[in-house]
Amino acid sequence: MVIIVDKLIILWTSKKNLEEVEQMEEQRKNQQRFQNKVNNAQGHFFEQFINGGCMYYKSKGIAVIEKMPEPFRVIKKDPTTNIATVRFTKTAQPDFIGTLKNGRAIVFEAKKTTTDRMKYDVLTETQIEALEKHWQAGAVTGVCAGIGDLSYFIPWEIWRDMKKLFKRKYMTAAEAEPWRVRFNGLILFLNYIHDEARLDNELIGYGK
């Protein structure tokens with residue numbers, strides 16, 4: 001009888017532990033879902049600030065740069081309301097593509113993090129391949145990065161060689177400082193704060 005009681009205790013304890021583990025796992029998933037929503041919202045706002053910069057440069061005749069629509073496929077469509085459920089697919093092209101006033105193309109991705117470092121791996125292989133091809137073709141190419149509350153335009157050759165330059169596959173805000181860009185309610189990604197990091201004015205086609 002004692003053995004049976006012991007087994008019951010063991011079974012009850014195991015079940016209780018399992019329930020606790022399941023509860024902890026569910027809490028972890030909920031926290032991750034919440035963080036994903038926060039990250040998505042911040043990424044959206046970041047892109048809106050960049051869009052504002054694009055509109056500014058267009059109004060000044062400096063550049064015409066547009067946000068590329070995200071590719072998606074329709075999962076199902078309600079014929080009575082014409083409301084569709086869609087799923088975004090892998091990005092086939094960079095986030096922003098345009099032309100500077102001298103005719104040179106500009107192509108870049110937009111990435112935002114709330115931490116103090118930007119990881120190389122935030123770019124997919126498809127995005128890396130696309131940026132490399134545009135860079136080889138002569139476009140001004142890079143990543144408009146938001147690290148914490150500051151914004152940067154990292155030239156592609158710096159981002160691509162991040163591991164070789166910084167001995168690891170991420171860049172801290174301090175290391176990105178030479179490529180910090182101006183913010184006045186809009187992200188002015190063509191205007192570096194530090195003169196020594198400015199792109200060649202003759203290539204970009206605009207002055208300070």
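Colleague: Why is Lys169 called partly exposed?

Modeller: This is a predicted model, and every value is computed from it. Lys169 has a relative accessible area of 38%. Buried means under 20% and exposed means over 50%. Lys169, at 38%, lies in between, so it is partly exposed.

Colleague: What makes Lys169 and Asp121 a salt bridge?

Modeller: Their side chains come to 3.5 Å, N to O. The limit is 4 Å, so the pair qualifies.

Colleague: What does the pair tie together?

Modeller: Asp121 and Lys169 are joined in a salt bridge. Asp121 lies in the loop between β6 (117-119) and α2, and Lys169 in the loop between α4 (162-166) and β9 (170-172), so the bridge ties together parts that are 48 residues apart in sequence.

Colleague: Is Asp121 buried or exposed?

Modeller: Asp121 has a relative accessible area of 54%. The cut-off for exposed is over 50%, so Asp121 is exposed.

Colleague: How many salt bridges are there by this rule?

Modeller: The count comes to eight. One of them joins Arg180 and Glu177, with the closest N and O atoms 2.9 Å apart. Glu177 is at 23% relative accessible area, so it counts as partly exposed.

Colleague: How do you know that Glu132 forms a salt bridge with Arg160?

Modeller: The closest N and O atoms of Glu132 and Arg160 are 3.3 Å apart. That is within 4 Å, so the pair passes.

Colleague: Where do the two partners of that bridge lie?

Modeller: The bridge is between Glu132 and Arg160. Glu132 lies in helix α2 and Arg160 in helix α3, so the pair ties together parts that are 28 residues apart in sequence.

Colleague: What are the relative accessible areas of Glu132 and Arg160?

Modeller: Glu132 has 18%, under the 20% cut-off, so it is buried. Arg160 has 26%, so it is partly exposed. Salt bridges that share partners join Glu132, Arg160 and Asp161 into one network.

Colleague: Which residues of α2 are buried?

Modeller: Gln127, Ile128, Ala130, Leu131 and Glu132. An α-helix has 3.6 residues a turn, so residues three or four places apart point the same way. The buried residues of α2 pack against β5, β7 (140-147) and α3 (156-160). Just after α2, Gly138 takes a positive phi of about 105°.

Colleague: Why is Gln127 called buried?

Modeller: Gln127 is at 5% relative accessibility, and the cut-off is under 20%, so it counts as buried. Gln127 is found in helix α2. Gln127 and Pro94 are 33 residues apart in sequence and 6.3 Å apart in space, C-alpha to C-alpha.

Colleague: Why does Thr113 count as buried?

Modeller: Thr113 is at 14% relative accessibility, under 20%, so it counts as buried. Thr113 is found in strand β5 (residues 105-113). Beyond four places in sequence, Thr113 touches Met118, Gly146, Ile147 and Gly148.

Colleague: Which members of the largest nonpolar core touch the most other members?

Modeller: That core has 41 residues, and the answer is Ile50, Phe108, Ile154, Trp159 and Phe189. Leaving aside neighbours within four places, the contacts of Phe108 include Ile50, Ile65, Leu131, Phe153 and Phe189.

Colleague: What makes the nonpolar surface patch?

Modeller: Phe45, Phe49 and Phe183 make it, at about 330 Å². Phe183 is in strand β10 (residues 181-183).

Colleague: What about Lys167: is it buried or exposed?

Modeller: Lys167 has a relative accessible area of 68%, over 50%, so it is exposed. Lys167 is in the loop between α4 and β9. Its phi is positive, about 65°, although Lys167 is not a glycine.

Colleague: How many helices and strands does the protein have?

Modeller: There are six helices and eleven strands. Of the 208 residues, 33% count as buried. The accessible surface comes to about 13400 Å², and 56% of that belongs to carbon and sulfur atoms.

Note on methods: Residues numbered from 1 in each chain as written. Predicted model: local features only at pLDDT ≥ 70, side-chain atom pairs only at ≥ 80, totals over all residues. Heavy atoms only, no water. Core = buried A, V, L, I, M, F, W, Y, C linked by side-chain atoms within 4.5 Å. Buried < 20%, exposed > 50% of the residue type's maximum accessible area, 1.4 Å probe, protein only. Contact = heavy atoms within 4.5 Å. Helix = DSSP H or I, 4+ residues; strand = E, 2+ residues; numbered from the N terminus. Areas by Shrake-Rupley, 256 points an atom, 1.4 Å probe, with all protein chains shown as cover. Patch = residues over 30% accessible without salt bridge, like charges linked within 9 Å, V, L, I, M, F, W, Y side chains within 5 Å.
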